[in-house]
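Look over the sequence and structure first, then read the points below.

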Amino acid sequence: MLTIHHLGRSQSERIVWLCEELGIPYELKRTERRADNRLAPPEYKALHPMGIAPVITDGDLTLGESGAIVEYVVQTYGDGRLVLKHGDPGFADYLYWFHFANGTLQPTLGRMMVLERVDPAGTSAPMQAAKERLALVFSTLEQRLGEATWLAGDAFTAADIMSVFSLTTMRLFRAMDLSPYANILAYLQRVGARAGYRRAMAKAEPGFAPLLNA
């Protein structure tokens with residue numbers, strides 16, 4: 001059986017959400033972060049050579065990287081659901097936003113976290129460049145979500161599953177004010193209304209209210 005090794009408050013929530021949206025059977029093994037440094041404990045790091053979340057096992061397969069896991073799950077168990085294929089309307093948008101999540105959005109937030117620690121005053125040239133980059137990322141998302149209900153268009157897809165963590169749970173690690181972005185906030189309300197998302201978050205993060213507001 002497919003097993004999701006979920007590290008609390010991490011990108012592995014994407015995989016739980018994906019499986020709930022697809023309605024496929026899976027086993028959830030949840031691991032809490034260490035209290036002293038909020039990192040994964042040794043037993044979780046031992047699951048995969050990279051030692052980071054998410055990780056799944058499926059028979060003899062052990063797989064990391066959330067993008068790879070999402071593609072594996074939808075191709076193995078999805079029966080064509082939550083993806084767009086060549087020739088479908090919005091196919092290029094699907095590809096773009098699916099990869100935007102871990103290629104641009106999440107790395108930009110990570111870069112800001114590092115720079116804010118080494119330059120708390122925020123006056124360095126790298127920090128100013130990072131702020132401009134982050135503003136561009138959010139304005140690009142805001143524009144897209146003013147044009148379309150979901151990132152790939154009218155249909156909810158795996159591109160949305162890839163993107164939401166960075167706008168919600170990631171705020172536990174780096175505070176973000178989303179109040180200037182009405183379209184992003186409306187999008188998060190649509191996400192929060194999805195039964196699959198609610199089930200996933202209740203299982204992955206019991207007792208935690210998803211950060212869907214500004």
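**Charge and surface**

The protein carries 22 positive and 23 negative side chains, and the centres of these two sets are 4 Å apart. The model described here is predicted.

- Of the 214 residues in the protein, 50% are buried.

**Fold and dimensions**

- The protein contains eight helices and four strands.
- Their order along the sequence is β-α-β-α-β-β-α-α-α-α-α-α.
- The radius of gyration is 17 Å, close to the 17 Å given by the globule rule for 214 residues, so the protein is as compact as a globular protein of that length.
- The C-alpha trace spans about 50 × 45 × 30 Å along its principal axes.
- Taking contacts between residues at least 6 apart in sequence, 68% join residues at least 24 apart.

**Nonpolar cores**

- The largest nonpolar core has 60 residues, and Val73, Phe138, Ile184 and Tyr187 have the most contacts inside it.
- Two or more residues each come from strand S1 (2-7) and from helices H1 (13-22), H3 (66-77), H4 (91-118), H5 (125-147), H6 (158-167), H7 (182-192) and H8 (195-204).
- H4 gives the largest share of this core, 10 residues.
- Another core, of five residues, lies apart from the largest one and includes Leu7, Ala40, Tyr44 and Ala53.

**Contacts of Val73**

- Beyond its neighbours within four places in sequence, Val73 is in contact with Leu2, Leu18, Cys19, Leu22, Ile24, Ile56 and Gly78.

Notes:
Residues numbered from 1 in each chain as written. Predicted model: local features only at pLDDT ≥ 70, side-chain atom pairs only at ≥ 80, totals over all residues. Heavy atoms only, no water. Core = buried A, V, L, I, M, F, W, Y, C linked by side-chain atoms within 4.5 Å. Buried < 20%, exposed > 50% of the residue type's maximum accessible area, 1.4 Å probe, protein only. Contact = heavy atoms within 4.5 Å. Rg over C-alpha atoms; globule rule 2.2 N^0.38 Å. Lys, Arg positive; Asp, Glu negative; His and termini not counted. Charge placed at Lys NZ, Arg CZ, Asp CG, Glu CD.
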